[in-house]
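Here are my notes for you, as numbered points. Keep the model open while you read and look for each feature in turn.

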Amino acid sequence: MVALMAYLGWSGVGAVREQRTLQGKIDAARASAPRPADIEAERVRAVELARELDEARGGLATLRGDLARLGGTWTNAVARLAGAEELAALWGRHGLRLEEQALVTGDASLPPTLQQLVDRARAVMGKGRHPVAWEVRLRGGYMGMLGALEELAVAEVAVVPLSLAMRALEGSDDKEWRLRLWQ
């Protein structure tokens, strides 16, 4: 009987130690667990991030539509020609006379970011089906050029101005404008 009592006492001490160890682990886990207020704050943040993601996806759909429309203009020779006609009309509306329009040869004329786009377009679309740089020489007044550039900024024409230079003409109020465009 004494042996049985000693065995039960010894096994009881082991169980108490094990219970204390487990209780210590439980207390440590409770101490490191996030508070209910923190959990709720993270849930609110997750909802806000989901809403922002939905808004970004909506904006992305709009951008994809614009890209498809503009990409079609740049890769379609007929659409590109129509864009050139729209530009000619734009110059005329602002009292600018088109003196010369020439294709700019050599890729050194493009800024590095646009050059990357051209390189990618060549790889994807093939030679000749990507935007190119043009230099347009115009004649007219300062206010005319300002108005033309303001209109170009909001126009649906697939054109990106790259540079603008002005030269005064002797004996005239007109200026000579050299505008480099990417179309």
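1. Let's start with a term: a salt bridge is a side-chain nitrogen of Lys or Arg within 4 Å of a carboxyl oxygen of Asp or Glu. Side chains of opposite charge can pair when their charged atoms come close. The structure holds twelve salt bridges.

2. A word on ground rules. This is a predicted model, in which local features need pLDDT of at least 70 and side-chain atom pairs count only at pLDDT 80 or more, while totals for chains, interfaces and linings use all residues. Residues are numbered from 1 along each chain as its sequence is written, and side-chain values use heavy atoms, with hydrogens and water left out.

3. Now find Arg 97 and Asp 174, whose side chains meet in a salt bridge at 3.1 Å, N to O. This pair links distant parts of the chain, 77 residues apart: Arg 97 is in strand S1 (residues 97–103), and Asp 174 is in the loop between strand S3 (160–168) and strand S4 (175–182). Helices (H or I, at least four residues) and strands (E, at least two) are DSSP runs, numbered from the N terminus.

4. Arg 97 counts as partly exposed because its relative accessibility is 40%, and Asp 174 counts as partly exposed at 21%.

5. Next, Glu 135 forms a salt bridge with Arg 178, with the closest N and O atoms 3.1 Å apart. Here too the pair links distant parts of the chain: Glu 135 is in strand S2 (residues 133–140) and Arg 178 in strand S4, 43 residues apart. Glu 135 is partly exposed at 22%, and so is Arg 178 at 33%.

6. Arg 178 has another partner: Glu 176 forms a salt bridge with Arg 178, the closest N and O atoms being 3.9 Å apart. Glu 176 counts as buried because its relative accessibility is 12%. Salt bridges that share partners join Glu 100, Glu 135, Arg 137, Arg 167, Glu 176, Arg 178 and Arg 180 into one network.

7. Finally, look at the sheet. Four strands form an open sheet in the order S1-S2-S4-S3, with antiparallel pairing; two strands pair if DSSP finds at least two bridges between them. The edge strands are S1 and S3, each pairing on one side only. Eight bridges join S2 to S4, and Arg 137 stands opposite Arg 178 in S4.

Methods: Buried < 20%, exposed > 50% of the residue type's maximum accessible area, 1.4 Å probe, protein only.
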